[in-house]
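Keep the sequence and coordinates open while reading.

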Amino acid sequence: MRYSKIAIIMAMKQEALPIIDHFGLKKDSTFYPIEVYANSDKSIILSLNGHSKRYNIDNIGTQAAAINAFSVLNNYDVDLVINCGTGGGFFEQGTKIGDVFIAKGEINFHNRLISISNNYQNYGLGKSPCLDLSQIAEVLDLKQGIISSGDSFDLNDSELELMKANQTNIKEMEAASVAWVCSLFDMDFTAVKVITDFVDKPADTSEDFISNFNLAVEKLKNAIVRIVKYLQN
Ligand code: ADE
């Protein structure tokens with residue numbers, strides 16, 4: 001399938017800068033706190049969660065991701081949304097720092113436990129669909145993985161248990177939210193995540209995230225450039 005107007009939704013500006021630079025994107029609009037960059041014919045939109053003035057960091061997590069996706073889908077004419085960013089992988093699965101994954105299967109939340117009924121339970125999990133991009137993954141030699149989102153960078157035992165039960169390969173903080181908003185709009189969705197740290201080595205997670213960040217975002221940029229080229233040609 002060919003896509004002509006792709007929206008890339010990201011959390012942190014530092015993750016996005018190599019992609020913004022590569023495509024020569026310019027600031028197009030602000031829907032505070034969301035900041036949108038675009039190329040001249042708007043065939044590539046990149047929308048950021050924006051900055052928290054109060055804490056002097058970029059907005060991260062599922063709330064910011066949801067308003068970002070909602071703002072893009074209400075204000076831009078796009079035919080595909082890609083959520084991209086960093087994520088934690090599982091050392092015991094053989095994942096390596098810098099591995100780039102394309103989403104497969106359903107995108108879940110791992111911290112929304114609502115045991116009132118089956119429907120509430122499934123709603124809590126999210127189970128939002130993403131495109132089957134196994135062909136692209138094969139052609140571009142990228143891994144495919146199941147993504148799970150939550151609002152904690154840190155990890156507790158129940159989250160780990162739920163992620164394992166759902167065969168999770170990548171833990172991050174936005175994809176399930178963006179996927180949910182896309183499902184409301186019947187918008188095609190995928191996610192691309194690069195691994196900065198290991199979920200199953202909790203003592204090292206924050207340090208690994210910081211020290212591997214630059215290498216990871218470079219790899220993410222290289223993958224996104226190839227994916228967008230493939231999808232738009
Ligand atoms: N982004 C990068 N690493 C992460 C982790 N371990 N958990 C959540 N989000 C992340």
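This is a predicted model: local features need pLDDT of at least 70, side-chain atom pairs count only at pLDDT 80 or more; totals for chains, interfaces and linings use all residues.

Q: Which residue stands opposite phenylalanine 101 in β14?
A: β14 also pairs with strand β8, residues 100-103. That pairing is antiparallel and has 3 bridges. Opposite phenylalanine 101 stands lysine 193.

Q: How many of the residues of β14 are buried?
A: A residue counts as buried if 20 or more other C-beta atoms lie within 10 Å of its own. β14 is largely enclosed by the rest of the structure, because the buried count is 10 of the 10 residues.

Q: Which element gives the largest share of the shell around the ligand?
A: Four elements each supply at least two residues: β7 (80-89), β13 (170-172), β14 (189-198) and α7 (205-232). Among the residues around the ligand are Thr86, Gly87, Gly88, Lys171, Glu172, Thr196, Asp197, Thr205 and Phe209. The largest share is 3 residues, and it comes from β7.

Q: How many residues of the shell around the ligand are charged?
A: Lys171, Glu172 and Asp197 are among the residues around the ligand. By class, the shell has 4 nonpolar and 5 polar residues. The charged residues number 3.

Q: At what angle do helix α2 and helix α6 pack?
A: Two packed helices are described by the angle between their axes and the distance between the axes. For α2 (residues 62-75) and α6 (residues 175-184), the axes are 8 Å apart. Their crossing is right-handed. The angle is about 30°.

Q: How many nonpolar residues does the contact of α2 with α6 have?
A: From α2, the contact includes Ala65, Phe70 and Leu73. From α6, it includes Val178, Val181 and Cys182. By class there are 2 polar and no charged residues, and the nonpolar ones number 9.

Q: Which residue takes a positive phi in the hairpin of β3 and β4?
A: β3 pairs with strand β4 (residues 44-48) in the antiparallel sense over 4 bridges. The hairpin has 5 residues between the strands. The residue with a phi near 60° is lysine 42.

Q: Which residue in β3 stands opposite serine 29?
A: Strand β2 (residues 26-31) and β3 are antiparallel, with 5 bridges. A hairpin of 2 residues joins them. Opposite serine 29 stands valine 36.

Definitions and conventions
Residues are numbered from 1 along each chain as its sequence is written. Axes are lines fitted to C-alpha atoms, for helices over the stretch in contact, and angles run from 0 to 180 degrees between N-to-C directions. A crossing is left-handed if the near helix is turned anticlockwise from the far one by less than a right angle, and right-handed if clockwise. Two residues are in contact if their C-beta atoms, placed from the backbone, lie within 7 Å. Ala, Val, Leu, Ile, Met, Phe, Trp, Tyr, Cys and Pro count as nonpolar, Asp, Glu, Lys and Arg as charged, and the others, Gly among them, as polar. A residue is near a molecule or strand if its C-beta atom, placed from the backbone, lies within 6 Å of it. Two strands pair if DSSP finds at least two bridges between them. A residue is buried if 20 or more other C-beta atoms lie within 10 Å of its own, exposed if 12 or fewer, and partly exposed in between; C-beta atoms are placed from the backbone.
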